[in-house]
Amino acid sequence: MGLKHLREPSIQKFTSKKTFKISIIYLIAIGSVIFAGLFGLFVSSVSIPIQTIVSIITHKMFNIASLSDFTLTEQLIIWEIRLPRVIIGLLVGASLSLAGATLQGLLRNPLAEPYTIGISAGSSLGAVIVIYFKLSLFGLGIMTTLPFVSIIGALVALISVLLITRLSYTRLANETIILAGIILSSFINAIITLLISLSSKEEMSMILYWMMGNLGMKTWVHVWLMLPFFVVGSLILLLKTKELNALSLGENAASHIGVNVKKEKILLLLAATLLTGSAVSISGAIGFVGLVIPHLVRIVIGANHKNLLPLSMLIGGAFLAFADSIARTVIEPRELPIGVITALIGAPVFSWLLVRHRTGKRGLK
Amino acid sequence: MKRKSILTIIQVLLVLTLVFSISPMNLVSASNQSPERIISLFPSNTEIVYALGKGSKLVGVSDYCNYPIAATKLPKLGGITINTEKILALKPDLILLHQSQAKSHSDAITLFKKTGVNVVVVNDATSFNDAYNDIRIIGRAVGATKKAESVIASMKAKMQQIAEKSKQVKVKRKVWVEVDTWGGLWTTGRQTFMNEMLSTIGAINVAKSYKGWVSLTEEKVVELRPQVVILTYGDYDKDAVKNVLTRKAWQNIPAVKEKKVYLVTNDTVVRPGPRLIDGVEALARAVYPEIYK
């Protein structure tokens, strides 16, 4: 995860050296995505030989290798359970981390994350409403209705935050957005708590488990559900890195270089909402990734969003997919809530990096 | 002086032992009068009281007491938290609690006892024998000792019948019990009623190597290849059976291929009360319809 590069004091003076360093970091990030993906496919609660796994996947994807050698059970486990789960892990991690990096830069606040500005709370409320009222739209069943309502919840939350901000202050000031987000979050959380306390024991456990976050029972349907939001959201953000750089310097600076502050802000917030809403609607509220991965990447690569955003995506995806593999294997075949793993691994690693970074800096001076 | 302080210490110790010794037996009151105003704060206790013919003496129940229908019409006195004021206002002479509540509500229990109410804490039951014991304890507390024995005897007789019939089972079927699908697939391992029920009817619980309530990964369940799937959350999710039958990864599981996915009412397989027999019978009919008609 690029840990080695941290130890080396970054005193490269030549741009060529710098580009070299950056490309190495990209390689490491891509490598860790591949590693996390393969680890998730190969290591799990049911042991299947790696060769079998590779053959099954290559067959399903390119129709090479013959399948007659493998049992149908093995094929189903790999293709219908493990692969979609790994992909969902990568997508959710990438979405949350990318949204977090964007919000931190946009709102110029190191504590900003998908959860601070109420998006995730809105998304959770959507899910809780589905569970509580047993909503099943168009005969889809509760499990498939949930993501739709949940994304709508996220969008409604964003609109409410923007409305509150707008009504209080015409300029869409950062602090007001954050305040409005916190107000909305606590309001929504109160509604969620109310629904929990009114629900039966069974519903209560469902809601609580959903809120803890989980990547189990995910199918290709969920992958296809999430993909459009992911593609649109991340494309917008990756194409807007210049504007984001400008905005993160301050709104005056941004408008001086000709950035339409209000318009870009709304667009960026909307993209972050699409990413967060779709991620939370599929996997529940998984903490830590959206807040900490962007910081971690920033420590290594700096605050330029041109590199920060894609790297946050890659590292976030790899991290979540890896954490999920741990969640389903550490006491296999039982499962742990993934939020436990993300924070248990993430917090010490992040603290260590932070300390190294700060002491490294002091050492240089 | 010295003697007096020793006496105080003994007194304090006595009070402490009283407070901390909330175990079922020593709380059953010595008086032989049967109670007239009973409060039951746990669903299975409520069911047992009705089965013992003392339902008319109940004056209040918990929010979760949903059986029999008569119980739902009584004042609700709380779920995870209990409404102490309302309970005392009902002037009960007997309060029935569950072991799991003894610790969480220990302050309330002390208070109840101060007002002279008889408090009986029923042990947590994970086997039929435990359940029989609970029925016996409640029988003694509500003054229906004989009725309790006859209820137990009839339960035992029915279990015996089922055990007899299970001898006709030639090849034991593997059963996967699914309790919940959120946060992993939850099932019942060893030391649960369902495990005991499955072994009584001559079936194999595929999760019997785990203890208590556990959640397994989906791929593990697919690997276990159960022949029958039992779902207990049908009351909540109307599409439960359909959802299991359409799970892509489950298409090679015998239970799904042969469409042997059935619903069983949750309350009859988890609540330690007389309805456990309904649960066993429903399970038996689902797993071996040809033997238990």
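Reply: Two strands are taken to pair if DSSP finds at least two bridges between them. With that in mind, and remembering throughout that this is a predicted model, the part to look at is an open sheet in chain B, built of four strands in the order β2-β1-β3-β4 with parallel pairing. Its edges are β2 (58-61) and β4 (118-122) of chain B, and because each of these has a single partner strand, one side of each is left without a neighbour in the sheet. From one strand to the next, the twist averages 20 degrees.

Between β1 (residues 38-40) of chain B and β2(B), which run parallel, there are three bridges, and within this pairing B:Ile38 has B:Leu58 as its bridge partner in β2(B). Helix α3 (residues 43-51) of chain B packs on the sheet, where it touches β1, β2, β3 (94-98) and β4 of chain B, and its direction makes about 140 degrees with that of β1(B). Helix α8 (residues 128-142) of chain B also packs on the sheet, touching β1, β3 and β4 of chain B, with a direction at about 170 degrees to that of β4(B).

Although β4(B) is an edge strand with a single partner, it is mostly covered, five of its five residues being buried. From this strand B:Asn118, B:Val120 and B:Val122 point one way, while B:Val119 and B:Val121 point the other way, and all of them are buried.

B:Lys76 belongs to the loop between α4 (69-72) and α5 (84-89) of chain B, and, leaving aside residues up to four places away in sequence, it touches B:Val61 and B:Asp63. B:Lys76 has 16 other C-beta atoms within 10 Å; since a residue counts as buried with 20 or more and as exposed with 12 or fewer, B:Lys76 is partly exposed. The C-alpha atoms of B:Lys76 and B:Ile87 lie 9.4 Å apart, the two residues being eleven apart in sequence.

Chain B contains a further open sheet, whose four strands follow the order β7-β5-β9-β10 with parallel pairing. Its edge strands, β7 (204-205) and β10 (261-263) of chain B, each pair on one side only. Strand β9 (residues 228-231) of chain B pairs with β10(B) in the parallel sense over three bridges, and B:Ile230 stands opposite B:Tyr262 in β10(B). Across β5 (174-178), β9 and β10 of chain B lies helix α15 (residues 276-287) of chain B, which runs at about 150 degrees to β9(B).

These sheets belong to a chain with 15 helices and ten strands, in which buried residues make up 45% of the 293 residues. When the contacts of chain B between residues at least 6 apart in sequence are considered, 62% of them join residues at least 24 apart.

Beyond chain B itself, its contact with chain A takes 25 residues from chain B and 32 residues from chain A. On the chain B side, β8 (213-216) and α11 (218-224) each supply at least two residues, and α11(B) gives the largest share, five residues. By type, the residues on that side of chain B are eight nonpolar, eight polar and nine charged.

A word on confidence in the partner chain is in order. Chain A averages a pLDDT of 85, with 92% of its residues scoring at least 70; the mean is lowest in helix α1 (residues 3-7) of chain A, at 43, and highest in helix α14 (residues 305-329) of chain A, at 94. Over residues 1-12 of chain A the pLDDT is below 50, and this stretch has 18 contacts in the model beyond near neighbours in sequence.

Within chain A, twelve of the 15 residues of helix α5 (residues 119-133) are buried, so this helix is largely enclosed by the rest of the structure. Those buried residues, among them A:Leu125, A:Val128 and A:Ile131, pack against α6 (142-168), α7 (174-198), α8 (201-212) and α12 (261-283) of chain A.

How values were computed:
Residues are numbered from 1 along each chain as its sequence is written. Chains are lettered from A and ligands numbered from 1 in the order in which they are written. This is a predicted model: local features need pLDDT of at least 70, side-chain atom pairs count only at pLDDT 80 or more; totals for chains, interfaces and linings use all residues. Two residues are in contact if their C-beta atoms, placed from the backbone, lie within 7 Å. Ala, Val, Leu, Ile, Met, Phe, Trp, Tyr, Cys and Pro count as nonpolar, Asp, Glu, Lys and Arg as charged, and the others, Gly among them, as polar. Axes are lines fitted to C-alpha atoms, for helices over the stretch in contact, and angles run from 0 to 180 degrees between N-to-C directions. pLDDT is the predictor's confidence in each residue, from 0 to 100.
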